[in-house]
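Student: I am new to this one. Can we go through the terms and what stands behind them?

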Amino acid sequence: MNEIENVVGGSLGATLGGIARTLQAEPDVESTLIAIVKAAVDHVDGAEYAGISLVERGDQVRTVAPTGEVVVTIDEVQYRTGQGPCLDAITEHQIFRTGDLATEDRWPAFTPAAAETGVRSMLSYRLFVTDTTLGSLNLYSRARDAFSDQTEEEGKLFAAHAAIALTGAQTEARLHVAMENRDMIGMAKGILMQRHDLDAVRAFRLLVESSQNTNMKLIQVATWVVENRLEL
């Protein structure tokens with residue numbers, strides 16, 4: 001690596017380090033998503049817009065934190081046709097780049113409608129940690145050939161940092177919900193123990209049986225008990 005490459009590499013490393021610290025400092029999943037797309041537009045050469053196609057339960061995909069309405073429009077075409085670089089990045093675990101949607105032939109049902117939006121270039125990265133696919137980070141530009149080979153490589157590092165930050169935020173959110181659920185169930189048990197002279201095991205069993213009989217989640221039953229404790 002020559003002197004110029006050393007300088008560029010060092011600058012990129014410092015930039016990515018700063019971005020990673022910023023992303024990990026966000027307080028929740030939504031804030032992390034917004035920070036990821038903002039950082040992508042700010043730091044990835046050629047990106048005018050960005051968005052994330054997030055994989056949810058049942059393999060459903062939805063767009064989150066778009067930086068412009070055009071992102072939503074293009075992504076809706078992808079979801080409707082089942083074609084496009086964002087979806088392929090998720091399913092085929094590769095990077096997909098196109099320099100001109102008007103002449104692109106890989107997604108014939110998607111590209112004509114996408115080109116009508118004025119966007120020409122797209123670059124989609126799979127967001128993943130180990131074997132878990134979180135979704136794809138998608139970059140858009142109205143310029144033709146907006147993304148170079150170097151940009152694609154540098155973007156891989158950015159996408160890796162973004163995936164780590166996102167999975168960390170999701171894990172923290174699940175832990176927060178789990179703690180809140182535990183506290184709510186504990187409160188519901190205490191109410192049933194007091195009102196019906198039950199021990200902790202029988203109170204919890206009553207919550208479980210009520211959940212099964214009403215086809216409601218346990219936390220929903222517990223919340224109902226707490227909110228309606230004066231009527232029990």
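Tutor: Start with Arg-62, which counts as partly exposed at 40% relative accessibility. This is a predicted model, where local features need pLDDT of at least 70, side-chain atom pairs count only at pLDDT 80 or more, and totals for chains, interfaces and linings use all residues. Residues are numbered from 1 along each chain as its sequence is written, and side-chain values use heavy atoms, leaving out hydrogens and water.

Student: Why is Arg-62 called partly exposed?

Tutor: Buried means under 20% relative accessible area and exposed over 50%, with partly exposed in between (1.4 Å probe, protein chains only). Arg-62 has 40%, so partly exposed is the term.

Student: What makes the pair of Glu-56 and Arg-62 a salt bridge?

Tutor: The term needs a side-chain nitrogen of Lys or Arg within 4 Å of a carboxyl oxygen of Asp or Glu. Here the closest N and O atoms are 2.3 Å apart, so the pair qualifies. Glu-56 is partly exposed too, at 33%.

Student: How do you know that Lys-156 and Glu-153 form a salt bridge?

Tutor: Their N to O distance is 3.7 Å, so it falls within the cut-off. Both residues lie in helix H6, three residues apart, about one turn of the helix.

Technical notes. Helix = DSSP H or I, 4+ residues; strand = E, 2+ residues; numbered from the N terminus.
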